[in-house]
Amino acid sequence: MANQQILALCNQYQALLLSDTPTPHIAIAPNPPAQFFEALRFIYDKPVNIEYWPAEQLEKARHSRLPSGTDEPPVNTAPVVQLLQEMLHKAMQLRASDIHFEPVEQGYQIRFRIDGVLQRQPLLPLHLAAPLTARLKVLANLDIAERRLPQDGQMAVEIERHKCSFRIATLPVYHGEKVVLRLMTQAEQTFELSELGMPPEECTRFRSALANPQGMILVTGPTGSGKTITLYSALKILNKVSTNLCSVEDPIEIPMRGLNQTQINLKAGLSFQSVLRALLRQDPDIIMVGEIRDGETAEIAIKAAQTGHLVLSTLHTNSTAETVIRLEHMGVERWMLASALKMVVAQRLVRKLCPYCKQQQPDDITLPATLWGAPLPRWRAVGCERCYGGFYGRHALFEIMLIDPALQTAVISGMPAHDIEKLARHQGMMTLFECGCQAVEQGLTTLEELYRVLGVPHD
């Protein structure tokens, strides 16, 4: 009876009962809580052998050779490793950008984000949740014993002879721990500006902005809209032996030769602000800031853009015109913004129709003339063995606002975002929705997909 109670206690405190005769022999992580020893003395009033094992070793042992009598079914480490490898391989084959591991009441749910949409995979037994989570934590050097707090990290896995890097994030949920992996590097990515999907005339405007010796270029959009790829494509153009390129990122998603990349580390005191100040003493020509998150970072970046540096960065806003308002709310004076800002690029990603199975319907779509002046073809995503639900890959939509003297004056005068957008359109800017309509005309995507990503326009 006492041995069963000790076994239950070990399960409660993530310990391992190595043997129970002649005296109990227990392995546990260092610095166990005092309640563990109190409960052990209450159950067993004789001496007990205690070993302190590293959390990683303990977790591996618990899931590779659980003793009989436990509530958890034994799970061998080798099959778990193989299962995870097969899952990552399948995710790569299906071009998934994110993998969600979610413990739910019915089992262990896996979902792949393919072309921006989550797709459910076959449900796994719930008892696989703990060993799979432990394996992922081991690969990312996270604390295996910590299940109550979120953790973040990175891991590298070799899949079909290709080294793939993932960003990992854990989160406690009702039925256990959820883990999300995001693919960080893609070996086939060439970072050519011409391959981004930017229209030729917009590509020319973007290149002309990159030729500025100083100033700020911002790329805006929600998470997963392709901002990082656009920035790295710009950096590839600017990457020359005669130029000192520096970046501050969180994390470094894509290592690039010729670029001095610094990753922030808040635990060590390396914030965006402190690294940016240090970079300014490194004689930089071009600075890339992974993301402007607060007013202090924005102010340092803008001052750098005013003092002889070209600064590239990203921001989370819905459109180019809203960028001005967002930075103003961060505490940046409009006159500073107008003097530093050279270009704002807003972008989104829409799913591309599969060229093998797409079908054009006989009736066209007519939109209000204020939105699009010509009828649009009505496309149907059919689906075939070559694609996923009628779509294959994604196409980028761009809205590029070049800050000319007229727009500078408008920014300084306090003009609202709606009026700034009107002025920019009057001077030739194509909106995201207009860029999307152009893609529908070309048979690249559907109007329904455009509505899904951008929403239904109001006017």
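A crossing of two helices is left-handed if the near helix is turned anticlockwise from the far one by less than a right angle, and right-handed if clockwise. By this rule, α6 passes α7 in a right-handed crossing. The model is predicted: local features need pLDDT of at least 70, side-chain atom pairs count only at pLDDT 80 or more, and totals for chains, interfaces and linings use all residues. Residues are numbered from 1 along each chain as its sequence is written, and side-chain values use heavy atoms, without hydrogens and water.

The protein chain holds 15 helices and 18 strands. Both are DSSP runs numbered from the N terminus (helices H or I, at least four residues; strands E, at least two). The C-alpha trace spans about 85 × 60 × 40 Å along its principal axes. Of the 459 residues, 46% are buried (under 20% relative accessible area, with exposed over 50% and partly exposed in between; 1.4 Å probe, protein chains only). Among contacts (heavy atoms within 4.5 Å) with a separation of 6 or more, 61% join residues 24 or more positions apart.

The chain is divided into domain 1 (1–53), domain 2 (79–183) and domain 3 (193–454). These bounds come from an automatic or database domain assignment. The centres of domain 1 and domain 2, taken over C-alpha atoms, are separated by 31 Å.

Two helix pairs were examined. Helix α6 (residues 200–210) packs against helix α7 (residues 227–238) at an angle of about 60°, with the axes 11 Å apart. Axes are lines fitted to C-alpha atoms, for helices over the stretch in contact, and angles run from 0 to 180 degrees between N-to-C directions. The pair is therefore oblique (under 35 degrees is roughly parallel, over 145 roughly antiparallel, 65 to 115 roughly perpendicular, the rest oblique). Phe206, Arg207 and Leu210 of α6 meet Thr230, Ala234, Ile237 and Leu238 of α7. Five of these residues are nonpolar, one is polar and one is charged (nonpolar: Ala, Val, Leu, Ile, Met, Phe, Trp, Tyr, Cys and Pro; charged: Asp, Glu, Lys and Arg; polar: the others, Gly among them).

Helix α12 (residues 405–412) and α13 cross at roughly 175°, and their axes come within 10 Å. They are therefore roughly antiparallel. Ala406, Leu407, Ala410 and Val411 of α12 contact Ile420, Leu423 and Ala424 of α13. This contact has seven nonpolar residues, no polar and no charged ones.

Threonine 431 lies in the loop between α13 (417–426) and α14 (432–441). Threonine 431 counts as buried because its relative accessibility is 9%. Leaving aside residues up to four places away in sequence, threonine 431 touches Phe398, Glu399, Glu421 and Arg425.
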